[in-house]
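Here is a short tour of a helical protein model, written to be read alongside the structure itself. Please have your viewer ready.

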Amino acid sequence: MKWAKAWQLSDIILIALIGIFFGAIFMGTNYVYDVLTAALAPVGLSGLANELLLGLWCMPGMLAGYMLRLKGSATLGELLAATVEMFFGGQWGISTLISGVTQGFGAELGYIVTRYKHYDWLGLTASALTTTIVTFGWDLARNGYFKLQLWLLILYFVVRFCSMFLFGGVLTRLITDMLDRSHVLKSTHTN
């Protein structure tokens, strides 16, 4: 599979669809997050809800980057999904855009590290890992994770990476392979 070097109209339409689709999914995920947070609070692990679901919230960037294979597509895909979530009335308001840029850059960084040459398990794993690192660093600063005990930090990091890999790696690969077999991705997925 080769890397497409220039944006085409079909790429713009596809990334817009990814943003709209995931923005709508995020609205439902917000309710799941609230319920999961409440369920985990009695055992002191309410923060684990974020870690379990963050892979889903970061999936549009990893999916757009893997599917479109264009520089900037991971960041733009995540930002568009965050924008749609915000306009749909997401509970985090305009701060969703900051999260979208942070998460999208994390996903993009995985492809930057692999020099935009690995659209395989190496690229997906790199994207999941860099997204985990970037978003975890953001949560250390923004959400006060630095105050947590070491065992909890390790647990959160491992669970976050597993969530990123499941949603951004495995599901992204499955979705893209299905679309590839149906010839939807013929412009960017040539052998």
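Predicted model: local features only at pLDDT ≥ 70, side-chain atom pairs only at ≥ 80, totals over all residues.

**Annotated spans**

The unreviewed UniProt entry lists residues 12-33, 39-58, 121-138 and 150-175 under "transmembrane region". Two of these spans are set out below.

**Helices α4 and α5**

Let us turn to a helix pair. Two packed helices are described by the angle between their axes and the distance between those axes. For α4 (residues 95-113) and α5 (residues 121-142), the angle is about 145° and the axes lie 7 Å apart. The crossing of α4 past α5 is right-handed. On the α4 side, the contact is made by Ile98, Ser99, Thr102, Gln103, Phe105, Gly106, Ala107, Leu109, Gly110, Tyr111 and Val113. From α5, the contributors include Gly123, Leu124, Thr130, Val134, Trp138 and Arg142. By type, the contact residues divide into 10 nonpolar, 10 polar and one charged.

How far does α5 reach from its first C-alpha to its last? With 22 residues, α5 reaches 31 Å, close to the 32 Å expected at 1.5 Å a residue. Among the buried residues of α5 are Ala128, Thr132, Phe136 and Asp139, and Gly123, Leu124 and Thr130 are buried there as well. The cover over the buried residues of α5 includes α2 (48-68), α4 and α6 (150-181).

**Two residues to look up**

Leaving aside neighbours within four places in sequence, leucine 53 is in contact with Thr29, Val32, Tyr33, Leu36 and Ser163. The C-alpha atoms of leucine 53 and methionine 164 are separated by 8.7 Å, although the two residues are 111 residues apart along the chain.

Isoleucine 12 belongs to helix α1 (residues 9-40). Because its relative accessible area is 44%, isoleucine 12 is partly exposed. From isoleucine 12 to phenylalanine 157 the distance is 33 Å, C-alpha to C-alpha, and the two are 145 residues apart in sequence.

Notes: Residues numbered from 1 in each chain as written. Heavy atoms only, no water. UniProt positions renumbered as here; feature names shortened; annotations may be inferred. Axes fitted to C-alpha atoms, helices over the stretch in contact; angles between N-to-C directions. Helix = DSSP H or I, 4+ residues; strand = E, 2+ residues; numbered from the N terminus. Left-handed = near helix turned anticlockwise from the far one by under 90°. Contact = heavy atoms within 4.5 Å. Nonpolar A, V, L, I, M, F, W, Y, C, P; charged D, E, K, R; others polar. Expected span 1.5 Å × (residues − 1). Buried < 20%, exposed > 50% of the residue type's maximum accessible area, 1.4 Å probe, protein only.
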